[in-house]
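I opened my notebook to look up a few places in this structure. My notes follow in the order in which I took them.

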Amino acid sequence: MDLTYSAEDEAFRARLRAWLEVAVPEHGPPPPAGDWMARRGYDTAWQRKLHDAGYAGIAWPKAFGGQGLPVTQQLVYLEEYARADAPYIGVCFVGMMHAGPTLIAEGTDEQRAHHLPRILRGETIWCQGFSEPEAGSDLASLTTRAVREGDEYVVNGQKIWSTRAQVADWCELLVRTDPGASKHRGITWLILDMHQPGVEVRPMRTIDGESHFCEVFLTDARVPVTNRVGEENDGWRVTNVTLRFERGTAFAQHIITMRSQLRDLVALASEVPLPGGGNAWDDPALRSEGGRLEANIEGLWRVTQRGITESEATGLPAPTGSAVKLRFSELTQELNELAVKTLGRLAVGGARTGAIDGAEAVRAYLWSLQYTIAAGTSQIQRNLVAERILGMPRSA
Ligand SMILES: Cc1cc2nc3c(=O)[nH]c(=O)nc-3n(C[C@H](O)[C@H](O)[C@H](O)COP(=O)(O)OP(=O)(O)OC[C@H]3O[C@@H](n4cnc5c(N)ncnc54)[C@H](O)[C@@H]3O)c2cc1C
């Protein structure tokens, strides 16, 4: 792997940087937390701007409307995006990062022609309907049932933790089509239209006061057979494609953003006065912790770069994605915890003075707790690292 940037890569960087320097401030700050319709408007308008400027789907093949950038330019893109503090992908995450890529890998020509351009232009939003109340880590034990009636599947069951389902148009839905088969064999991957009778979305409130995810109740919801991705009962294989995108390269943007978060934390520490004089950055323990995090973030970014280059070679993210997701979850929690510790009482009181926003630090810390659960818990990632990377015996 040669990650030296060529003159062409640097020219791409300069063009992108110039565009971001104008487009990011023009787009303005996100709407207030909790207003999900406004958030949808904000995120999709940004996605449309990326599309119109030729920056949507940097890793998607050109044949499917993406930019098909060489891997070095994908990395430059991530670096510049983080540097410019450009808007978080937000409600476009599922469509751009794993539903679209799954359709590219496994969808029919009709499915790709219909959905991919709309995802790229930010016109349609996707959510994920995998987990159920009794099927999380053990996803293959899901029980949402789909029965075929002519050219349609009729779906009944319940999904849970569906992120931003309250603003979604489509859902990547896992259903059981053969209850008699062993649990991994009777599953099918469907594209569910969220705007139909029989789909009821109930937002759930989380510890930070927001409703990031929802329960989805399905009562005789209908899915045309043409909306099936892969064969009937072959959904577990397709699911693994989706999960490899979700755990593999989807977090790359978050990982590189940790660099600027650490830089912001160091700047913030010098604004926090200590009771005996001086500021928090004078504390050798904080400096040492900052240095340790810096080294770990850089190390993780290198492993991420390796994952991205491997996925370019094979068309699918490598199993090292589980190790990357595991380490990212831990580091982002350590980083946010350090921010709260650095602010001390200022965080507890939710104070806002100058650059210090105690309430935001607490919100970010609480939100970071979900990373060791979402997209597969840390225990499950450890199992995958043991089995698929280290070649250890499978757990029972
Ligand atoms: C912020 C967030 C967003 C999410 N978004 C979505 C979404 O959009 N769509 C969706 O479908 N799901 C989503 N999820 C659900 C997520 O995938 C599940 O929460 C996760 O897979 C864990 O399942 P569970 O909550 O049922 O916990 P369980 O599977 O019940 O696990 C409970 C505990 O047991 C441990 N455990 C379970 N099995 C094993 C094992 N074999 N070995 C070792 N330890 C084990 C787990 O690590 C965990 O600590 C989201 C979750 C979060 C937190």
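**Entry: S322**

I began with S322, which lies in helix α9, residues 320-343. This is a predicted model, and I keep that in mind for every note here. Is S322 buried or exposed? I found a relative accessible area of 9%, and S322 is buried because that figure is under the 20% cut-off. I then looked up what S322 touches beyond residues up to four places away in sequence, and I noted R247, Q381, L384 and V385.

**Entry: the ligand**

Next I turned to the ligand. I looked up helix α12, which spans 378-389, and found that α12 and strand β3 each supply at least two residues of the shell around the ligand. Which residues come nearest to the ligand? Of the 16 around it, I wrote down S137, W161, T163, T377 and Q379. I sorted the shell by kind of residue and got six nonpolar, 10 polar and no charged.

Then I went through some atom pairs. A backbone N or O atom of S131 lies 2.7 Å from a ligand oxygen atom. For F130, a backbone N or O atom is 3.0 Å from an oxygen atom of the ligand. With T163 I was looking at the side chain instead, where an N or O atom is 2.6 Å from a nitrogen atom of the ligand.

**Entry: strands around β3**

The bridge partner of T163 in β7 is F213. I looked up the pairing of β3 with β7 and found it antiparallel, over nine bridges.

What joins β3 to β2? Strand β2 covers residues 145-149 and strand β3 residues 152-163; they run antiparallel, joined by five bridges. One pair I noted here is R145 with its bridge partner N156 in β3. The hairpin of β2 and β3 has two residues between the strands, and G150 in this hairpin takes a positive phi near 60 degrees.

On to β6, residues 199-204: I found that β6 pairs with β7 in the antiparallel sense over six bridges. I noted E215 in β7 as the bridge partner of R202.

**Entry: V216**

I stayed with β7, which runs over residues 213-224 and holds V216. How accessible is V216? I read a relative accessibility of 4%, so V216 counts as buried. Leaving out neighbours within four places in sequence, I listed the contacts of V216 as G157, Q158, K159, S162, A165, V199, E200 and V201. Of these, G157, Q158, K159 and S162 fall within the span of β3, while V199, E200 and V201 fall within that of β6. I also checked V216 against S260: they are 44 residues apart in sequence, and 36 Å apart in space from C-alpha to C-alpha.

**Entry: G100**

My last stop was G100, in helix α4, residues 93-106. With a relative accessible area of 0%, G100 is buried. Beyond neighbours within four places in sequence, I found G100 in contact with W60, V94, G95, L116 and I119. V94 and G95 are within the span of α4 too. From G100 to R17 I noted 83 residues in sequence and 26 Å in space, C-alpha to C-alpha.

Definitions and conventions:
Residues numbered from 1 in each chain as written. Predicted model: local features only at pLDDT ≥ 70, side-chain atom pairs only at ≥ 80, totals over all residues. Heavy atoms only, no water. Helix = DSSP H or I, 4+ residues; strand = E, 2+ residues; numbered from the N terminus. Buried < 20%, exposed > 50% of the residue type's maximum accessible area, 1.4 Å probe, protein only. Contact = heavy atoms within 4.5 Å. Pairing = 2+ DSSP bridges. Near = heavy atom within 4 Å. Polar contact = N/O pair within 3.5 Å; in protein donor to acceptor, adjacent residues only side chain to side chain. Nonpolar A, V, L, I, M, F, W, Y, C, P; charged D, E, K, R; others polar.
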